[in-house]
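Visitor: I've got a model open and I'd like to learn how to read it. Could you walk me through?

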Amino acid sequence: MGQRFSQPSSRPSVSPGFLPSFKRSSSRSFNPPLQSLHPSIFATLRRPPAAKPNDFIPLFSDCVSAAAGRTQEYLGFQDPEHKFHPSPETLTQIFLMTYVTQSVNLNLPDAFSCSAMMPHQRVLLGADWVWALLDKPTKTLKVQIAVQVLHLPGSTAVESSAAGATAGAAASESVQMAQRESGHRNSQERLVDFCSSVGKDCYALFLFFGKKNDKENIYGVLSNNLEAAIGKCSRIDRTLIENFFKGSRYLHTPSGMMQAVVTKRKDDPLTLVIKFS
């Protein structure tokens with residue numbers, strides 16, 4: 001009486017068609033979960049880092065090192081027959097052209113531009129070229145560094161070359177006008193006047209292509225406060241600028257110079273001594 005139950009076996013049998021039919025029904029009934037509208041934290045971690053204001057500094061340092069190294073080859077050159085002497089103008093152009101070539105290869109001008117001065121601008125402003133830190137979205141100027149190259153004095157080749165360059169420049173009417181505008185001021189004073197008229201974000205950088213006790217290296221004095229020396233001395237000249245080396249125990253690198261410039265508080269004075277080679 002009643003329903004009979006068979007004893008279940010320890011290994012129940014499975015119908016041959018069970019697994020295939022299960023796969024088919026599973027594929028029809030499976031619904032993948034909806035993706036979240038909010039990004040995963042891991043996707044956030046994969047985002048590229050935002051550009052920093054001083055990302056250009058290593059690139060600038062590479063460009064200056066290449067330019068200084070190339071110029072050094074000619075600063076230390078000695079012709080056995082004493083017939084060939086690179087002129088100051090040639091040395092300045094070697095440095096500037098090497099720097100520009102390297103900076104273009106590294107796409108640096110978008111963040112840090114370099115503008116060579118025309119002959120009348122060099123006379124009027126006292127600058128061979130101007131470096132400028134740009135605000136990328138607007139291309140507005142944030143910092144300017146006006147550069148003047150100073151060569152070793154006392155060389156006959158240097159003096160004759162400089163005289164020739166001055167005579168050639170005098171043929172230009174615009175240069176003659178600039179010379180009248182500059183008046184009695186020397187080139188160092190004209191550069192300081194230009195920078196002080198712009199403000200504390202404009203620096204005068206004097207590049208020494210060799211010094212009396214070290215003729216094969218390139219040094220620099222950078223300052224946004226040299227106008228303060230006008231009331232303390234008769235004039236701003238090469239001798240005054242060279243005195244900064246005597247009172248300095250530490251020489252900045254080009255990258256250290258730029259780091260100090262971009263991290264300086266607005267309107268603060270800054271004067272540095274740098275070794276570029």
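Guide: Start with helix α8 (residues 187-198), which lies across β3 (140-151) and β4 and runs at about 155° to β4. Helices (H or I, at least four residues) and strands (E, at least two) are DSSP runs, numbered from the N terminus. Axes are lines fitted to C-alpha atoms, for helices over the stretch in contact, and angles run from 0 to 180 degrees between N-to-C directions.

Visitor: Which strands does helix α10 touch?

Guide: Contact means heavy atoms within 4.5 Å. Helix α10 (residues 254-263) packs on the sheet, touching β1, β2 (129-135), β3, β4, β5 and β6, and its direction makes about 160° with that of β6.

Visitor: What is the strand order in the sheet?

Guide: Strands of a sheet pair through backbone hydrogen bonds, either parallel or antiparallel. Two strands count as paired if DSSP finds at least two bridges between them. Here six strands form an open sheet, β1-β2-β3-β4-β5-β6, with mixed pairing. At the edges, β1 (112-116) and β6 (271-275) each pair on one side only.

Visitor: How many bridges join β4 to β5?

Guide: Seven, and β4 (residues 202-211) and β5 (residues 214-223) run antiparallel.

Visitor: And how far do I trust this?

Guide: It's a predicted model: local features need pLDDT of at least 70, side-chain atom pairs count only at pLDDT 80 or more, and totals for chains, interfaces and linings use all residues. Residues are numbered from 1 along each chain as its sequence is written, and side-chain values use heavy atoms, leaving out hydrogens and water. pLDDT is the predictor's confidence in each residue, from 0 to 100. The protein averages 79.
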